[in-house]
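User: Please take a close look at one part of the structure shown below. I would welcome a connected account of how that part is built and of what lies around it.

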Amino acid sequence: MGTSADSGASAAGSRLPIKVALAGASGYAGGEILRLLLGHPAYRDGSLVIGALTAGGNAGTTLGSHHPHLLPLADRVLGPTDIETLSGHDVVFLGLPHGNSAEIAEQLPESTVIIDCGADFRLTDADDWEKYYKSAHAGSWPYGLPELPGGRDKLVSATRIAVPGCYPTVSSLALAPAVAAGIVEPRVNIVAVSGTTGAGRAPKADLLGSEVMGSVRAYGVGGAHRHTPEIKQNLSAIAGADVTVSFTPVLAPMPRGILATCTAPTTATVDEIRAVYEKAYADEPFVHVLQEGQLPQTGAVVGSNVVQIAVTVDTDAGLLVAIAAIDNLTKGTAGGAVQSMNLALGLPETDGLSTVGVAP
Ligand SMILES: NC(=O)C1=CN([C@@H]2O[C@H](COP(=O)(O)OP(=O)(O)OC[C@H]3O[C@@H](n4cnc5c(N)ncnc54)[C@H](OP(=O)(O)O)[C@@H]3O)[C@@H](O)[C@H]2O)C=CC1
Ligand SMILES: CC(=O)N[C@@H](CCC(=O)OP(=O)(O)O)C(=O)O
């Protein structure tokens, strides 16, 4: 890890107490950010304070009416998501639907650390953005995935951070070591099963309990899902050349978690591959490469910021098989956002983030 507690104390010290605002507090990502902040050592010792909390149509209601588990903040009334409410903070988290971040970001001072959980600033290629999001490209910001090669350096002292999508987080980390080491051909296939909180909280007919329970279904197939270019961007940057990505998301009847099964052609042995992964992630506090014979499961990472990864080789098929699990709301959004905040402010990177899940 590149950030020491000592340098953290001095960097954050220049802004103490750190005042944090959150836009989209009634949503799933917003609720999870607040859960993590309430357990953050800086909040507990008073050096981080939680300021404005905002929403869209739910402005004027209490946080507790949306997140009854966030008891210490239950009586807070959500404000409107506007510049007046969000000004005057050191850190502003944006947990808003895509397309809402740029207008807010451009009105806040450069010195404000803005951490966007939406997609608006993730893609560097304007054509990709326009093809998948059907709107004008707002630009790109440092990408909030420190475990990617060179990823951490971009976040230290950053004042604008784009938190990755949940599927790109798990898929990129599952494949990055193999791609970086050149032990797979640059053609990867990813099938990832997600819980329903990945779709957000806004009501949608095909996400009604009775539509989702007791059934598993693919969606966004055939390269249509907007996370395809994001995964391709990450892996191609690591490879230094184009990586072809086939990505198929699958919706499962569970609230949290993603299990991604990733394959790529290889001639390497399982021992060679394991050695590559163990070396790549040896110093990463949140990436756990499992022992031979163990397999990741979403139930083991609920509420934690951990990515569990297992790697093996299907020798008959000539394929590397990397399987990875995350909690989409923690490492897949809010945990990644808080980890990025820690790096940006020079706080210890792991502060407020558990490696211990909730099970069963
Ligand atoms: N859920 C996940 O696993 C992940 C989510 N993300 C991203 O995080 C962001 C938030 O997602 P999530 O929390 O799931 O979404 P939710 O639908 O659960 O929450 C959205 C939040 O934004 C507010 N909001 C909606 N429209 C507007 C608007 N026009 N102006 C102001 N506020 C508005 C909502 O307020 P109100 O209640 O008033 O409508 C709510 O607080 C999205 O960009 C999403 O893509 C990223 C990775 C994973
Ligand atoms: C289950 C489900 O619907 N998941 C969401 C992805 C959630 C996420 O990470 O996405 P963004 O931040 O890019 O919206 C989807 O497929 O659209």
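Analyst: By class, the shell around ligand 1 contains eleven nonpolar, 19 polar and one charged residues; Ala, Val, Leu, Ile, Met, Phe, Trp, Tyr, Cys and Pro count as nonpolar, Asp, Glu, Lys and Arg as charged, and the others, Gly among them, as polar. The model is predicted, and local features therefore need a pLDDT of at least 70, side-chain atom pairs count only at pLDDT 80 or more, and totals for chains, interfaces and linings use all residues. Residues are numbered from 1 along each chain as its sequence is written, while chains are lettered from A and ligands numbered from 1 in the order in which they are written.

In total, 31 residues surround ligand 1, the closest being Gly27, Gly56, Gly118, Gly200 and Arg201; a residue is near a molecule if its C-beta atom, placed from the backbone, lies within 6 Å of it. At least two residues of this shell come from each of α2 (28-38) and α12 (330-345), and α2 gives the most, with three residues. Helices (H or I, at least four residues) and strands (E, at least two) are DSSP runs, numbered from the N terminus. Ligand 1 lies between domain 1 (5-164 + 331-345) and domain 2 (167-328), because both give residues to its shell; the domain bounds come from an automatic or database domain assignment.

An unreviewed UniProt entry annotates residues 19-156 as "domain: Semialdehyde dehydrogenase NAD-binding"; such annotations may be inferred rather than shown by experiment, and their positions are given in the numbering used here, with feature names shortened. The span 19-156 is 27% helix and 17% strand, and its end C-alpha atoms lie 19 Å apart.

The second ligand has a shell of its own. Around ligand 2 stand Ala119, Gly165, Cys166, Ser194, Gly198, Ala199, Pro249 and Leu251, a set made up of five nonpolar, three polar and no charged residues.

Helix α8 spans residues 166-181. Its 16 residues reach 24 Å from the first C-alpha to the last, close to the 22 Å expected at 1.5 Å a residue, where the expected span is 1.5 Å times one less than the number of residues. At leucine 175, α8 bends by about 40°, and proline 177 follows within four residues; the bend is the angle between axes fitted to the seven residues ending at a residue and the seven starting there. Helix α8 is largely enclosed by the rest of the structure, because 14 of its 16 residues are buried. A residue is buried if 20 or more other C-beta atoms lie within 10 Å of its own, exposed if 12 or fewer, and partly exposed in between, with C-beta atoms placed from the backbone. Glycine 182, with a positive phi near 70°, follows α8.

Two other residues have a positive phi although neither is a glycine. Lysine 134, at about 55°, lies in the loop between α6 (126-133) and α7 (151-155); it counts as exposed, with 9 C-beta neighbours inside 10 Å. Serine 157, at about 70°, lies in the loop between α7 and β6 (160-162) and is partly exposed, with 14 other C-beta atoms within 10 Å.

Finally, a cis peptide bond with omega about 0° joins alanine 359 and proline 360, and proline 360 belongs to the segment after α12.
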